[in-house]
Amino acid sequence: MSAVYKQPTCKQDRLKALQALLSCPTNSIRTEVPPPDILEAQKTFPIPIDEKKLPGVYHCGYHSSKSYGASSYLIIHPDGNILIDSPKFTERLARKIEELGGVCYMFLTHKDDVADHGKWSKRFSCDRILHSGDVEACTADVETKLDGNGPWRLGQDIMLIHTPGHTEGSVCLFYMPLKILFTGDHLLKRESGLDIVEMYNRYSVGTQLDSVKKLLDLDFNWIIPGHGRRVEFKDVGEKNAVLEAFVEEKYAHYSSVRNKW
């Protein structure tokens, strides 16, 4: 659903275009001839999201069509790095992640975005984490299956929040020191605002809205989703105001739809 409307005119723009080329899961962004500087772009992954505000948090790139093009992320952590959802496996990316300390845990937000989890697990001998409600044949061998409603802890400063709705076993990762919520497909932002993408709901829209409401109890300023745009709030007050308005609007919409039935 995207198009190149302007060619890059400087070195930085060209680098970003090549990063998009490498990340695109469908090869929709490409060049007419092989770019001579593609290797330089490959070396930039994983890419820091915001080195000042979010130190140690990276976007992995290399989105996989097996995860519907979802984004994956890396948290550098003193107790062991965490890979959030699965990028497409490439040894080049694996070596770069290895230089950053490798992967101790691979947290899978839900069953849609597991992609090459087996290859990453084998490469880094990391423990994979997935809610039991989303375990399928391809993930039957994950090391840690979360049961129940949580929340669960991953060390002292990471909380795993069960947010069923998009799927039965959708779980968000709350990285408390930097006040980031990694939401997978649970909640994202489009140009028009927050979205739960009802079109692709695989369990229950009503349950998903209830799970969004549950996020009012958490103190985060960032939403980093698997799809769509990232969100930075100025503080928890703004976050809660935006979430409350979104949930109320959605509840009202679905209430009126039910009344018509």
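**A walk through the model**

Let's start with residues 69–227: their end C-alpha atoms lie 8 Å apart, and the span is 17% helix and 28% strand (helices, H or I of at least four residues, and strands, E of at least two, are DSSP runs numbered from the N terminus). UniProt, in an unreviewed entry, annotates residues 69–227 as "domain: Metallo-beta-lactamase"; such annotations may be inferred rather than shown by experiment, and feature names are shortened, with positions in the numbering used here. What you're looking at is a predicted model, where local features need pLDDT of at least 70 and side-chain atom pairs count only at pLDDT 80 or more, while totals for chains, interfaces and linings use all residues. Residues are numbered from 1 along each chain as its sequence is written, and side-chain values use heavy atoms, leaving out hydrogens and water.

Now find Leu-83, which sits in strand β4 (residues 82–84). Is Leu-83 buried or exposed? Leu-83 is buried, with a relative accessible area of 0% (buried means under 20%, exposed over 50%, partly exposed in between, with a 1.4 Å probe and protein chains only). Leaving aside neighbours within four places in sequence, Leu-83 is in contact with residues including Cys-60, Tyr-73, Val-103 and Trp-120; contact means heavy atoms within 4.5 Å. Ser-72 is 11 residues from Leu-83 along the chain, and their C-alpha atoms are separated by 7.3 Å.

Next comes helix α3 (residues 91–99), whose buried residues are Leu-93, Ala-94 and Ile-97. They cover an arc of only 100° around the axis, so they are on the same side of α3 (the arc is that of the directions from the helix axis to the C-beta atoms). An α-helix has 3.6 residues a turn, so residues three or four places apart point the same way. Among the elements covering the buried residues of α3 are β3 (73–75) and α4. Just after α3, Gly-101 takes a positive phi of about 115°.

For a contrast, hop to Ser-125, in the loop between α4 (117–124) and β6 (127–131). Ser-125 is exposed, with a relative accessible area of 66%. Ser-125 and Leu-243 are 118 residues apart in sequence and 38 Å apart in space, C-alpha to C-alpha.

Last stop: the second largest pocket. α6 gives the most to the lining of this pocket, with six residues. Both β13 (193–195) and α6 (236–260) supply at least two lining residues each. Among the residues lining the pocket are Lys-189, Leu-194, Phe-233 and His-253 (a pocket is an open set of points on a 1 Å grid over the protein atoms alone, where a 1.4 Å probe fits, with protein on both sides within 12 Å along at least five of seven lines; lining residues have an atom within 4 Å of a point).
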